[in-house]
Amino acid sequence: MSILKIEKAEAFNEVITDIAADKSISHRCAIFSLLSDKTSFIRNYLQAEDTLCTLNIIKALGAKIENENSILRITPPTKITEPSLILDCGNSGTAMRLLIGLLSSTEGFFVLHGDKYLANRPMKRITTPLKKIGANIDGRQNSDLSPICIRGAKLKPFDYKSPIASAQVKSALILSALNTNAPSFFAEPELSRDHTERMLKGMGVDIEYKNDKIAINPPKKPLHPLDITVPADPSSAFFFAVAAAIIPNSRVILKNILLNKTRIEAFKILQRMGTQIEFVQKDDKYESIGDITVRYAPLKAVKISENISWLIDELPALSIAFACASGISSVRNAKELRIKESDRISTIVKNLKLCGINVTELEDGYDIEGGTFKNAVFNSFGDHRIAMSFAIASLLCGGVVEDADCIDTSFPNFTNILKKISVAESLQWR
Ligand code: S3P
């Protein structure tokens, strides 16, 4: 186990060019490359534990992977290979859920598993609608928990209205629809991140929004390969945006960040709280990409109850900004936070209490009263975003984050970037 020890930071002014590549897009690049019959070229693929697990999985499914001059070349197999071993998704709900969707309509037998945290995350939101259209899936607790076993089958087209706004559910269902024989339709309560729709459209799938539904036409021929540069991940960049927003007189410029509107809502909330933020768009090929400048200004409290799916990954870091704002900030309608890599409502509340902040826990959110931080020893609860959020909180008056190895699941160079702002030491603990 490693612990991360961080000292109080002074005002900083940094340009950060090496934020980790986007995790959601990287997973999709690996998985979607199996849908073409030609080699995909992927630049800036995220080199982190989660997305490297996904590469190993597509290799086990028969893909050939080469890495030349930092360009990943993925050549798909003519037909997906039935793997002899269990497919290890590590800590990644995205990998497991998207692969359940793809493999349930692929010929062969597949077993998906992951680490002890992923083993407790619900899969029923995907396995239930898939079973209704003919998928052969089994798993612990009536197909809710992994290991998940799949015997690929011919699935029926569907018209499904998801009760939750989840890009993982949406993507799993869309992938399962590609191998059917008629159009399928998918609806969700509010738009969740839309990388799957954008990327598949770019690869030649006839996928369109029609009357609040996504219509997916199964392709008649193999899809175009991907030729893509993965932008930097806004949810990883956001940790340093919060650092600049809470340390007086600081400024940070975050380079080449994905600016998709479903992914930068947390920056917009910081802006509403008083932080000065500028977005400069530089590219708009598959996705909008640009630089984000964040300048310190005093923070005021905010109330959040809408568009939660656009904020879901950033709420832990945003909570640190709430704890520095004048007034009481509130989050509601965020029950989904309880089933992320940890129960994030409980882990945010527990850690904020440790550093002397007044917090009230609710079933679907929390209230945080801005206050003064005191030095504390935080627990990551094995959750990368909790570890990094409380590393940022530690910049205010020093702190320690225990069980910090999980940071490597999404952002292995986080600590090196943190060292530009403060003295941060990673210590191994047995
Ligand atoms: C993701 C979707 C989100 C997000 C996760 C990545 C994706 O989950 O929390 O980190 O890549 O599709 P849900 O949309 O299922 O809530």
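Which residue lies over the face of F279? K268 does, at 5.6 Å from the ring centre; a charge is taken to sit over a ring if NZ of Lys or CZ of Arg is within 6 Å of the ring centre and within 35 degrees of the ring normal. The model is predicted, so local features need pLDDT of at least 70 and side-chain atom pairs count only at pLDDT 80 or more, whereas totals for chains, interfaces and linings use all residues. Residues are numbered from 1 along each chain as its sequence is written, and side-chain values use heavy atoms, with hydrogens and water left out.

The largest nonpolar core has 142 residues. Such a core is a set of buried Ala, Val, Leu, Ile, Met, Phe, Trp, Tyr and Cys residues joined through side-chain atoms within 4.5 Å; buried means under 20% relative accessible area, exposed over 50%, and partly exposed in between (1.4 Å probe, protein chains only). F240, L254, L352 and F414 touch the most other members. Helix α8 (residues 234-246) gives the most to this core, with ten residues; helices (H or I, at least four residues) and strands (E, at least two) are DSSP runs, numbered from the N terminus. At least three core residues come from each of domain 1 (2-21 + 231-428) and domain 2 (23-218), with bounds from an automatic or database domain assignment.

Rings of Phe, Tyr and Trp (its six-membered ring) pair if their centres lie within 6.5 Å; planes under 30 degrees apart count as stacked, over 60 as edge-to-face and the rest as tilted. F240 and F414 form a tilted pair, 5.4 Å centre to centre with 40 degrees between the planes. Because F240 lies in helix α8 and F414 in helix α13 (residues 414-418), the pair ties together parts that are 174 residues apart in sequence. F240 is buried, at 0% relative accessible area, and F414 is buried at 0%. F414 also pairs edge-to-face with F411, at 5.6 Å centre to centre and 65 degrees between the planes. F239, F240, F411 and F414 form one aromatic cluster.

Helix α2 (residues 49-60) has twelve residues and reaches 17 Å from its first C-alpha to its last, close to the 16 Å expected at 1.5 Å a residue, where the expected span is 1.5 Å times one less than the number of residues. Its buried residues include D50, C53 and I57. Among the elements covering the buried residues of α2 are α1 (23-32) and α3 (93-103). After α2 comes G62, whose phi is positive, near 110 degrees.

Technical notes: Contact means heavy atoms within 4.5 Å.
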